[in-house]
Amino acid sequence: MKTLKTLFNSPYAFWVLLALPSIALIDGALSGGDLEPLLHPTGEFSARFMIIAMMLTPLRMLLPKSVAVLWLLRRRRYLGVAAFFYATLHTLYYVIDLGSLSAVAADIATLGIWTGWVAFVIFVPLALTSNDASVRRLRRTWKTLQRFVYPAAVATLLHWVFINDNIGPALVHFVPLAALEIYRIWKTAGAKRSLAVAAKIAS
């Protein structure tokens, strides 16, 4: 039982779990087949891991006693790095599928494309600083930098909607996140109002 618990809490086991979907996605690319069918699943896994990571703080506020939420919250940075890894696969497959940098440049003016590039560019510094050394070095700046995940999420949503010309699947993924973020803002605003009233009474 102790061994199972140790394995369950191991960061390496969690990394293996996050990497499992990539096995088929990488094997599909290495087999020499068409890369276009791999574009959507790589992008989708990136969006999913990003969304899960972003949902954890409001979920913790909503379910403060949830062991599962706390367990995931302690591994949130892993989810963010995994989102970046799948976004990198998505971008790499897209560039290779087009076949040339000139084709990439010609495609970039499209709304569904440049929003994807914006999201990816934002992901780069977020992933590179998702480690304890960066947290210690950047201090308060680290949290400010990590907040750029919100414009990245908006860019990802726009990329998904306009590339697939179908808002339904994107909303299925992003509406729960939006609802939880609205709850977080409402909860935080309520707490600030309570503190202001308490301070006013005390004075």
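This is a predicted model: local features need pLDDT of at least 70, side-chain atom pairs count only at pLDDT 80 or more; totals for chains, interfaces and linings use all residues.
R139 lies in the loop between helix 8 (132-138) and helix 9 (140-146). Although R139 is not a glycine, its phi is positive, at about 55°. The residue is also exposed, for its relative accessible area is 67%, and exposed means over 50%.

A second residue of this kind is D165. Its place is in the loop between helix 10 (149-164) and helix 11 (167-202). D165 is likewise not a glycine, yet it has a positive phi of about 50°. With a relative accessible area of 72%, D165 is exposed.

Helix 2 and helix 3 pack with their axes 10 Å apart, at an angle of about 165°. Because angles over 145 degrees count as roughly antiparallel, helix 2 is roughly antiparallel to helix 3. The crossing in which helix 2 passes helix 3 is left-handed. On the side of helix 2, the contact is made by L18, P21, L25, G28 and A29, while helix 3 contributes L38, P41, T42, F45 and F49. Sorted by class, the residues of this contact of helix 2 with helix 3 comprise eight nonpolar and two polar ones, with no charged residue.

Another helix contact involves helix 5 (residues 76-98) and helix 7 (residues 111-128), whose axes come within 10 Å and cross at roughly 140°. That angle makes helix 5 oblique to helix 7. The crossing of helix 5 and helix 7 is left-handed. Helix 5 takes part in the contact through V81, F84, A87, T88, T91, Y94 and V95, and helix 7 through I113, W117, F120, F123, V124 and A127. In the contact of helix 5 with helix 7, eleven residues are nonpolar, two are polar and none is charged.

Aromatic rings provide a further view of the structure, which holds twelve aromatic pairs. One of them is formed by F14 and W71: the centres lie 5.3 Å apart, the planes stand at 90°, and the pair is edge-to-face. This pair links distant parts of the chain, since F14 belongs to helix 2 (residues 11-30) and W71 to helix 4 (residues 67-73), 57 residues apart. F14 and W71 are both buried.

The rings of F45 and Y86 form a tilted pair, because their planes are at 35° and their centres 5.6 Å apart. F45 lies in helix 3 (residues 36-62) and Y86 in helix 5, so this pair ties together parts that are 41 residues apart in sequence.

F45 is among the residues through which helix 3 touches helix 2, and its ring pairs with that of Y86. F14 and W71, in turn, belong to a cluster that ring pairs build together with W15 and Y78.

Notes
Residues are numbered from 1 along each chain as its sequence is written. Side-chain values use heavy atoms; hydrogens and water are left out. Axes are lines fitted to C-alpha atoms, for helices over the stretch in contact, and angles run from 0 to 180 degrees between N-to-C directions. Helices (H or I, at least four residues) and strands (E, at least two) are DSSP runs, numbered from the N terminus. Angles under 35 degrees count as roughly parallel, over 145 as roughly antiparallel, 65 to 115 as roughly perpendicular and the rest as oblique. A crossing is left-handed if the near helix is turned anticlockwise from the far one by less than a right angle, and right-handed if clockwise. Contact means heavy atoms within 4.5 Å. Ala, Val, Leu, Ile, Met, Phe, Trp, Tyr, Cys and Pro count as nonpolar, Asp, Glu, Lys and Arg as charged, and the others, Gly among them, as polar. Buried means under 20% relative accessible area, exposed over 50%, partly exposed in between (1.4 Å probe, protein chains only). Rings of Phe, Tyr and Trp (its six-membered ring) pair if their centres lie within 6.5 Å; planes under 30 degrees apart count as stacked, over 60 as edge-to-face and the rest as tilted.
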